[in-house]
Amino acid sequence: MAGGGDDRAGLPRIAVVGAGIFARTQYIPRLREIAHLVVVKAIWSRTQESAKAAAELARDFAPEIECKWGDAGLEEIMGDSSIMGVAVVLAGQVQVELSLKMLKAGKHVIQATTEAETALSIYNSFPKQFAHKPIWALAENYRFEPAFVESRKLINDIGDMMHVQVIVEGSMNSSNPYFNSSWRRNFMGGFILDMGVHFIAGLRMLVGSEISTVSSISRHVDMALPPPDNICSLFQLENGCAGVFVFAVNSRSPKILWRVDGTKGTIQVERGIDSGKHGYQVLFSGENGQCQKTFYPFCGVNEELKAFVHDIVEASKGGDHKAEPRSSYVEGARDVAVLEAMLESSAKQGAPVQVKIF
(Lines give C-alpha, C1' and ligand atoms only; values in the text may rest on other atoms or scores of the structure.)
Protein backbone atom coordinates (compact mmCIF):
# COMPACT_ATOMS: atom_id res chain seq x y z
CA MET A 1 0.00 0.00 0.00
CA ALA A 2 1.31 3.44 -0.93
CA GLY A 3 1.90 6.11 1.65
CA GLY A 4 -0.15 9.23 2.10
CA GLY A 5 -0.42 12.02 -0.42
CA ASP A 6 2.02 14.40 1.28
CA ASP A 7 4.99 12.04 1.28
CA ARG A 8 4.47 11.33 -2.45
CA ALA A 9 3.98 14.93 -3.55
CA GLY A 10 7.51 15.25 -4.89
CA LEU A 11 7.54 11.97 -6.82
CA PRO A 12 7.58 11.90 -10.64
CA ARG A 13 4.27 11.18 -12.37
CA ILE A 14 3.78 8.81 -15.27
CA ALA A 15 0.94 7.47 -17.39
CA VAL A 16 0.38 3.94 -18.66
CA VAL A 17 -0.92 3.84 -22.23
CA GLY A 18 -2.49 0.45 -22.79
CA ALA A 19 -4.66 -1.81 -20.64
CA GLY A 20 -4.09 -5.22 -22.18
CA ILE A 21 -2.79 -8.46 -20.69
CA PHE A 22 0.80 -7.32 -20.14
CA ALA A 23 -0.21 -3.97 -18.67
CA ARG A 24 -2.60 -5.63 -16.23
CA THR A 25 -0.47 -8.64 -15.25
CA GLN A 26 3.04 -7.14 -15.32
CA TYR A 27 3.13 -3.35 -15.34
CA ILE A 28 0.51 -2.67 -12.68
CA PRO A 29 1.93 -5.23 -10.19
CA ARG A 30 5.51 -4.01 -10.80
CA LEU A 31 4.48 -0.35 -10.46
CA ARG A 32 2.82 -1.27 -7.15
CA GLU A 33 6.22 -2.54 -5.95
CA ILE A 34 7.87 0.81 -6.72
CA ALA A 35 5.01 3.06 -5.59
CA HIS A 36 7.50 4.74 -3.23
CA LEU A 37 9.42 5.96 -6.31
CA VAL A 38 6.74 7.01 -8.80
CA VAL A 39 3.07 8.02 -9.01
CA VAL A 40 0.86 6.52 -11.70
CA LYS A 41 -1.32 9.50 -12.58
CA ALA A 42 -3.29 8.05 -15.47
CA ILE A 43 -4.02 4.93 -17.44
CA TRP A 44 -5.33 4.99 -21.01
CA SER A 45 -7.15 2.53 -23.21
CA ARG A 46 -9.15 2.74 -26.41
CA THR A 47 -12.39 2.33 -24.48
CA GLN A 48 -13.67 3.80 -21.24
CA GLU A 49 -14.62 0.35 -19.96
CA SER A 50 -11.13 -1.17 -20.26
CA ALA A 51 -9.44 1.98 -18.90
CA LYS A 52 -11.65 1.92 -15.81
CA ALA A 53 -11.10 -1.81 -15.26
CA ALA A 54 -7.32 -1.39 -15.39
CA ALA A 55 -7.40 1.68 -13.17
CA GLU A 56 -9.25 -0.26 -10.48
CA LEU A 57 -6.39 -2.76 -10.36
CA ALA A 58 -4.05 0.11 -9.46
CA ARG A 59 -6.38 2.01 -7.14
CA ASP A 60 -4.84 0.56 -3.95
CA PHE A 61 -1.43 2.18 -4.61
CA ALA A 62 -2.56 5.01 -6.91
CA PRO A 63 -5.80 6.21 -5.28
CA GLU A 64 -6.07 9.31 -7.49
CA ILE A 65 -5.38 7.54 -10.79
CA GLU A 66 -7.29 9.02 -13.71
CA CYS A 67 -8.95 7.04 -16.50
CA LYS A 68 -8.30 8.23 -20.05
CA TRP A 69 -9.65 6.78 -23.27
CA GLY A 70 -9.87 7.47 -26.98
CA ASP A 71 -8.14 10.24 -28.89
CA ALA A 72 -9.22 12.87 -26.37
CA GLY A 73 -7.57 10.91 -23.57
CA LEU A 74 -4.27 10.74 -25.44
CA GLU A 75 -4.38 14.49 -26.05
CA GLU A 76 -4.98 15.07 -22.33
CA ILE A 77 -1.95 12.97 -21.41
CA MET A 78 0.25 14.75 -23.96
CA GLY A 79 -0.97 18.13 -22.71
CA ASP A 80 -0.52 17.37 -18.99
CA SER A 81 2.74 19.02 -17.94
CA SER A 82 2.77 17.10 -14.64
CA ILE A 83 3.19 13.77 -16.49
CA MET A 84 6.91 13.29 -17.12
CA GLY A 85 6.95 9.79 -18.54
CA VAL A 86 4.71 7.36 -20.38
CA ALA A 87 4.81 3.56 -20.49
CA VAL A 88 3.43 2.51 -23.87
CA VAL A 89 2.07 -1.02 -23.66
CA LEU A 90 0.22 -1.52 -26.94
CA ALA A 91 0.04 -3.76 -29.99
CA GLY A 92 3.23 -3.78 -32.04
CA GLN A 93 1.63 -2.20 -35.09
CA VAL A 94 0.65 1.00 -33.26
CA GLN A 95 3.00 1.41 -30.32
CA VAL A 96 5.89 3.03 -32.21
CA GLU A 97 3.67 5.66 -33.83
CA LEU A 98 2.12 6.50 -30.48
CA SER A 99 5.48 6.54 -28.72
CA LEU A 100 6.80 9.05 -31.26
CA LYS A 101 3.77 11.27 -30.60
CA MET A 102 4.48 11.18 -26.88
CA LEU A 103 8.17 11.92 -27.44
CA LYS A 104 7.30 14.87 -29.67
CA ALA A 105 5.09 16.14 -26.85
CA GLY A 106 8.16 16.12 -24.61
CA LYS A 107 7.32 12.96 -22.65
CA HIS A 108 9.94 10.38 -21.77
CA VAL A 109 8.81 6.98 -23.07
CA ILE A 110 9.40 3.34 -22.20
CA GLN A 111 8.08 0.66 -24.59
CA ALA A 112 8.88 -2.75 -26.02
CA THR A 113 10.32 -2.86 -29.53
CA THR A 114 9.10 -4.64 -32.64
CA GLU A 115 10.00 -2.01 -35.24
CA ALA A 116 13.23 -0.13 -35.39
CA GLU A 117 14.82 1.49 -38.41
CA THR A 118 12.15 4.04 -39.41
CA ALA A 119 11.33 4.87 -35.81
CA LEU A 120 14.96 5.59 -34.95
CA SER A 121 15.44 7.79 -37.99
CA ILE A 122 12.40 9.87 -37.00
CA TYR A 123 13.54 10.13 -33.39
CA ASN A 124 17.06 11.13 -34.41
CA SER A 125 15.72 13.81 -36.76
CA PHE A 126 13.58 15.55 -34.15
CA PRO A 127 13.89 19.32 -34.56
CA LYS A 128 15.87 21.15 -31.91
CA GLN A 129 12.70 21.85 -29.96
CA PHE A 130 14.15 20.32 -26.80
CA ALA A 131 17.30 21.35 -25.00
CA HIS A 132 17.75 17.62 -24.46
CA LYS A 133 15.82 14.96 -26.34
CA PRO A 134 13.29 13.00 -24.25
CA ILE A 135 14.46 9.55 -23.15
CA TRP A 136 13.24 6.64 -25.25
CA ALA A 137 13.71 3.49 -23.20
CA LEU A 138 13.31 -0.16 -24.08
CA ALA A 139 10.91 -2.27 -22.02
CA GLU A 140 10.47 -6.04 -21.57
CA ASN A 141 14.23 -6.05 -21.68
CA TYR A 142 16.22 -9.14 -20.65
CA ARG A 143 19.31 -6.96 -20.09
CA PHE A 144 17.85 -6.11 -16.68
CA GLU A 145 17.41 -9.70 -15.55
CA PRO A 146 20.03 -10.36 -12.80
CA ALA A 147 20.86 -13.74 -14.36
CA PHE A 148 22.22 -12.03 -17.48
CA VAL A 149 23.85 -9.19 -15.56
CA GLU A 150 25.79 -11.64 -13.39
CA SER A 151 26.54 -14.11 -16.20
CA ARG A 152 28.01 -11.32 -18.31
CA LYS A 153 30.52 -10.68 -15.49
CA LEU A 154 31.68 -14.30 -15.74
CA ILE A 155 32.08 -14.49 -19.51
CA ASN A 156 35.79 -13.59 -19.47
CA ASP A 157 36.45 -16.44 -17.04
CA ILE A 158 35.59 -19.10 -19.63
CA GLY A 159 38.51 -18.10 -21.88
CA ASP A 160 38.17 -17.77 -25.64
CA MET A 161 34.65 -18.52 -26.86
CA MET A 162 34.42 -21.69 -28.94
CA HIS A 163 30.71 -21.83 -29.71
CA VAL A 164 27.33 -20.52 -28.55
CA GLN A 165 23.92 -22.19 -28.38
CA VAL A 166 20.51 -20.61 -27.88
CA ILE A 167 17.74 -23.21 -27.64
CA VAL A 168 14.15 -21.99 -27.35
CA GLU A 169 11.35 -24.54 -27.23
CA GLY A 170 8.37 -22.34 -26.40
CA SER A 171 4.91 -23.03 -25.03
CA MET A 172 2.70 -20.82 -27.17
CA ASN A 173 -0.44 -22.95 -27.21
CA SER A 174 -4.14 -22.37 -26.57
CA SER A 175 -3.58 -22.23 -22.79
CA ASN A 176 -1.23 -19.24 -23.17
CA PRO A 177 -3.04 -15.89 -22.70
CA TYR A 178 -1.18 -14.43 -25.70
CA PHE A 179 -2.10 -17.30 -28.06
CA ASN A 180 -5.14 -15.54 -29.51
CA SER A 181 -3.53 -12.10 -29.60
CA SER A 182 -4.77 -10.78 -32.94
CA TRP A 183 -1.97 -8.26 -33.49
CA ARG A 184 0.73 -10.92 -33.20
CA ARG A 185 -1.11 -13.04 -35.75
CA ASN A 186 -1.27 -10.14 -38.21
CA PHE A 187 2.27 -9.02 -37.57
CA MET A 188 5.12 -9.62 -40.03
CA GLY A 189 7.30 -12.26 -38.39
CA GLY A 190 4.54 -13.20 -35.93
CA PHE A 191 5.60 -14.83 -32.69
CA ILE A 192 9.12 -15.46 -34.00
CA LEU A 193 9.81 -11.72 -34.05
CA ASP A 194 7.66 -10.73 -31.08
CA MET A 195 9.13 -13.39 -28.76
CA GLY A 196 12.51 -13.76 -30.42
CA VAL A 197 13.75 -10.23 -29.72
CA HIS A 198 13.93 -11.10 -26.02
CA PHE A 199 16.07 -14.18 -26.61
CA ILE A 200 18.38 -12.21 -28.91
CA ALA A 201 18.66 -9.51 -26.22
CA GLY A 202 19.74 -12.16 -23.73
CA LEU A 203 22.27 -13.55 -26.22
CA ARG A 204 23.81 -10.15 -27.00
CA MET A 205 23.94 -9.22 -23.32
CA LEU A 206 25.63 -12.50 -22.41
CA VAL A 207 28.32 -12.69 -25.10
CA GLY A 208 29.17 -8.98 -25.26
CA SER A 209 29.84 -9.17 -29.01
CA GLU A 210 27.59 -8.11 -31.87
CA ILE A 211 26.12 -10.62 -34.32
CA SER A 212 27.49 -9.86 -37.77
CA THR A 213 26.02 -12.46 -40.15
CA VAL A 214 23.28 -15.09 -40.10
CA SER A 215 22.14 -17.99 -42.26
CA SER A 216 18.68 -19.33 -41.46
CA ILE A 217 15.93 -21.73 -42.41
CA SER A 218 12.40 -21.16 -41.12
CA ARG A 219 9.31 -23.37 -41.44
CA HIS A 220 5.60 -23.35 -40.74
CA VAL A 221 4.78 -26.59 -38.94
CA ASP A 222 1.97 -25.84 -36.44
CA MET A 223 -1.00 -24.55 -38.45
CA ALA A 224 -2.58 -23.16 -35.26
CA LEU A 225 0.20 -20.55 -35.23
CA PRO A 226 1.00 -17.82 -37.78
CA PRO A 227 4.02 -18.46 -40.03
CA PRO A 228 6.81 -19.03 -39.42
CA ASP A 229 6.72 -20.95 -36.16
CA ASN A 230 10.17 -22.60 -36.35
CA ILE A 231 13.55 -21.15 -37.22
CA CYS A 232 17.09 -22.53 -37.13
CA SER A 233 19.94 -20.10 -37.64
CA LEU A 234 23.71 -20.25 -37.80
CA PHE A 235 25.24 -16.94 -36.73
CA GLN A 236 28.70 -15.46 -36.44
CA LEU A 237 29.76 -12.91 -33.84
CA GLU A 238 32.09 -10.02 -34.61
CA ASN A 239 34.70 -11.76 -32.46
CA GLY A 240 34.68 -14.65 -34.95
CA CYS A 241 32.85 -17.17 -32.77
CA ALA A 242 29.95 -19.05 -34.36
CA GLY A 243 26.72 -20.16 -32.75
CA VAL A 244 23.27 -21.58 -33.36
CA PHE A 245 19.84 -20.14 -32.58
CA VAL A 246 17.07 -22.75 -32.61
CA PHE A 247 13.55 -21.54 -31.89
CA ALA A 248 10.24 -23.43 -31.90
CA VAL A 249 7.31 -21.23 -30.89
CA ASN A 250 5.41 -24.17 -29.43
CA SER A 251 6.87 -27.42 -28.12
CA ARG A 252 5.63 -30.36 -26.05
CA SER A 253 8.66 -30.02 -23.76
CA PRO A 254 9.34 -26.30 -23.19
CA LYS A 255 12.98 -25.36 -22.64
CA ILE A 256 14.84 -22.06 -22.94
CA LEU A 257 18.61 -21.84 -22.55
CA TRP A 258 21.69 -19.92 -23.59
CA ARG A 259 25.07 -21.72 -23.45
CA VAL A 260 28.57 -20.42 -24.17
CA ASP A 261 31.46 -22.87 -24.29
CA GLY A 262 34.98 -21.53 -23.89
CA THR A 263 38.55 -22.80 -23.67
CA LYS A 264 38.51 -22.54 -19.86
CA GLY A 265 34.89 -23.21 -18.98
CA THR A 266 31.19 -22.94 -19.76
CA ILE A 267 28.28 -20.67 -18.84
CA GLN A 268 24.68 -21.78 -19.21
CA VAL A 269 21.56 -19.73 -18.41
CA GLU A 270 18.34 -21.76 -18.35
CA ARG A 271 14.76 -20.83 -17.59
CA GLY A 272 13.37 -22.74 -14.63
CA ILE A 273 11.61 -22.81 -11.27
CA ASP A 274 13.18 -22.93 -7.81
CA SER A 275 11.21 -23.01 -4.54
CA GLY A 276 8.08 -22.03 -6.45
CA LYS A 277 9.70 -18.99 -8.08
CA HIS A 278 10.16 -18.63 -11.84
CA GLY A 279 13.54 -17.41 -13.02
CA TYR A 280 16.89 -18.52 -14.42
CA GLN A 281 19.37 -21.16 -13.28
CA VAL A 282 22.94 -20.09 -14.06
CA LEU A 283 25.53 -22.88 -14.33
CA PHE A 284 29.18 -21.86 -14.40
CA SER A 285 31.95 -24.40 -14.89
CA GLY A 286 35.50 -23.09 -14.57
CA GLU A 287 38.98 -24.48 -15.07
CA ASN A 288 38.76 -26.50 -11.85
CA GLY A 289 35.92 -28.52 -13.37
CA GLN A 290 33.48 -27.70 -10.59
CA CYS A 291 29.97 -26.53 -11.52
CA GLN A 292 28.65 -23.49 -9.67
CA LYS A 293 24.84 -23.15 -9.64
CA THR A 294 22.92 -19.95 -8.86
CA PHE A 295 19.20 -19.26 -9.26
CA TYR A 296 17.92 -15.76 -10.06
CA PRO A 297 14.14 -15.09 -9.89
CA PHE A 298 12.58 -12.95 -12.60
CA CYS A 299 12.67 -9.23 -11.80
CA GLY A 300 13.61 -7.56 -15.09
CA VAL A 301 10.42 -5.51 -15.48
CA ASN A 302 10.83 -4.17 -11.96
CA GLU A 303 14.48 -3.24 -12.57
CA GLU A 304 13.86 -1.59 -15.95
CA LEU A 305 11.03 0.52 -14.52
CA LYS A 306 13.22 1.64 -11.62
CA ALA A 307 15.97 2.60 -14.09
CA PHE A 308 13.45 4.53 -16.22
CA VAL A 309 12.11 6.44 -13.22
CA HIS A 310 15.65 7.26 -12.08
CA ASP A 311 16.54 8.51 -15.56
CA ILE A 312 13.50 10.76 -15.95
CA VAL A 313 14.12 12.28 -12.51
CA GLU A 314 17.76 12.97 -13.34
CA ALA A 315 16.83 14.35 -16.78
CA SER A 316 14.38 16.78 -15.15
CA LYS A 317 17.24 18.38 -13.25
CA GLY A 318 18.70 19.74 -16.48
CA GLY A 319 22.13 19.09 -17.89
CA ASP A 320 23.06 16.32 -20.27
CA HIS A 321 22.02 13.26 -18.27
CA LYS A 322 23.13 9.97 -19.83
CA ALA A 323 20.34 7.43 -19.54
CA GLU A 324 21.00 3.81 -18.56
CA PRO A 325 22.61 2.32 -21.71
CA ARG A 326 20.84 -1.03 -21.33
CA SER A 327 17.53 0.85 -21.74
CA SER A 328 18.52 2.49 -25.02
CA TYR A 329 16.01 2.01 -27.81
CA VAL A 330 19.05 1.52 -30.06
CA GLU A 331 19.67 -1.78 -28.25
CA GLY A 332 16.15 -2.84 -29.13
CA ALA A 333 16.76 -1.86 -32.75
CA ARG A 334 19.83 -4.09 -32.78
CA ASP A 335 17.82 -7.01 -31.38
CA VAL A 336 15.17 -6.58 -34.07
CA ALA A 337 17.83 -6.28 -36.78
CA VAL A 338 19.17 -9.76 -35.92
CA LEU A 339 15.71 -11.36 -36.19
CA GLU A 340 14.95 -9.47 -39.39
CA ALA A 341 18.23 -10.71 -40.89
CA MET A 342 17.35 -14.29 -39.91
CA LEU A 343 13.92 -14.01 -41.55
CA GLU A 344 15.46 -12.41 -44.66
CA SER A 345 18.01 -15.22 -44.90
CA SER A 346 15.24 -17.79 -44.63
CA ALA A 347 13.33 -16.10 -47.44
CA LYS A 348 16.52 -16.54 -49.51
CA GLN A 349 16.76 -20.27 -48.70
CA GLY A 350 19.46 -19.81 -46.08
CA ALA A 351 21.73 -17.39 -47.95
CA PRO A 352 24.05 -15.48 -45.57
CA VAL A 353 22.74 -12.03 -44.59
CA GLN A 354 24.63 -9.20 -42.92
CA VAL A 355 22.93 -7.79 -39.83
CA LYS A 356 22.13 -4.08 -40.12
CA ILE A 357 24.24 -1.85 -37.93
CA PHE A 358 22.65 0.84 -35.75
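Two strands count as paired if DSSP finds at least two bridges between them. In this predicted model, β7 and strand β10 (residues 242-248) meet that description, with seven bridges in the parallel sense. Within this pair, Ile167 stands opposite Val246 in β10.

**Strand pairing**
- Strand β7 spans residues 161-171 and also pairs with strand β11 (residues 250-262).
- That pairing is antiparallel and runs over nine bridges.
- Val164 faces Val260 of β11.

**Nonpolar cores**
- The largest nonpolar core holds 48 residues.
- Phe199, Leu203, Phe245, Phe247 and Trp258 touch the most other members.
- Helix α8 (residues 190-207) supplies the largest share of this core, 12 residues.
- Beyond its sequence neighbours up to four places away, Phe199 touches Tyr142, Val168, Phe245, Phe247, Ile256, Trp258 and Arg271.
- A second, separate core has 30 residues, including Ile14, Ile28, Val38 and Ala55.

**Lys107**
- Lys107 sits in the loop between α4 (92-104) and β5 (108-111).
- Lys107 is buried but forms no salt bridge.
- Asp80 is the nearest side chain of opposite charge, 5.7 Å away; a salt bridge requires the side-chain nitrogen to be within 4 Å of a carboxyl oxygen.
- A polar atom of the Lys107 side chain lies 2.8 Å from the backbone oxygen of Ile83.
- Leaving out residues up to four places away in sequence, Lys107 touches Ile77, Met78, Asp80, Ser81, Ile83, Met84, Val86, Met102 and Pro134.

Notes: Residues are numbered from 1 along each chain as its sequence is written. This is a predicted model: local features need pLDDT of at least 70, side-chain atom pairs count only at pLDDT 80 or more; totals for chains, interfaces and linings use all residues. Side-chain values use heavy atoms; hydrogens and water are left out. Helices (H or I, at least four residues) and strands (E, at least two) are DSSP runs, numbered from the N terminus. Buried means under 20% relative accessible area, exposed over 50%, partly exposed in between (1.4 Å probe, protein chains only). Lys and Arg count as positive and Asp and Glu as negative; His and the chain ends are not counted. A polar contact is a pair of N or O atoms within 3.5 Å; within protein, one must be able to donate a hydrogen and the other to accept it, and residues adjacent in sequence count only if both atoms are side-chain atoms. Contact means heavy atoms within 4.5 Å. A nonpolar core is a set of buried Ala, Val, Leu, Ile, Met, Phe, Trp, Tyr and Cys residues joined through side-chain atoms within 4.5 Å.
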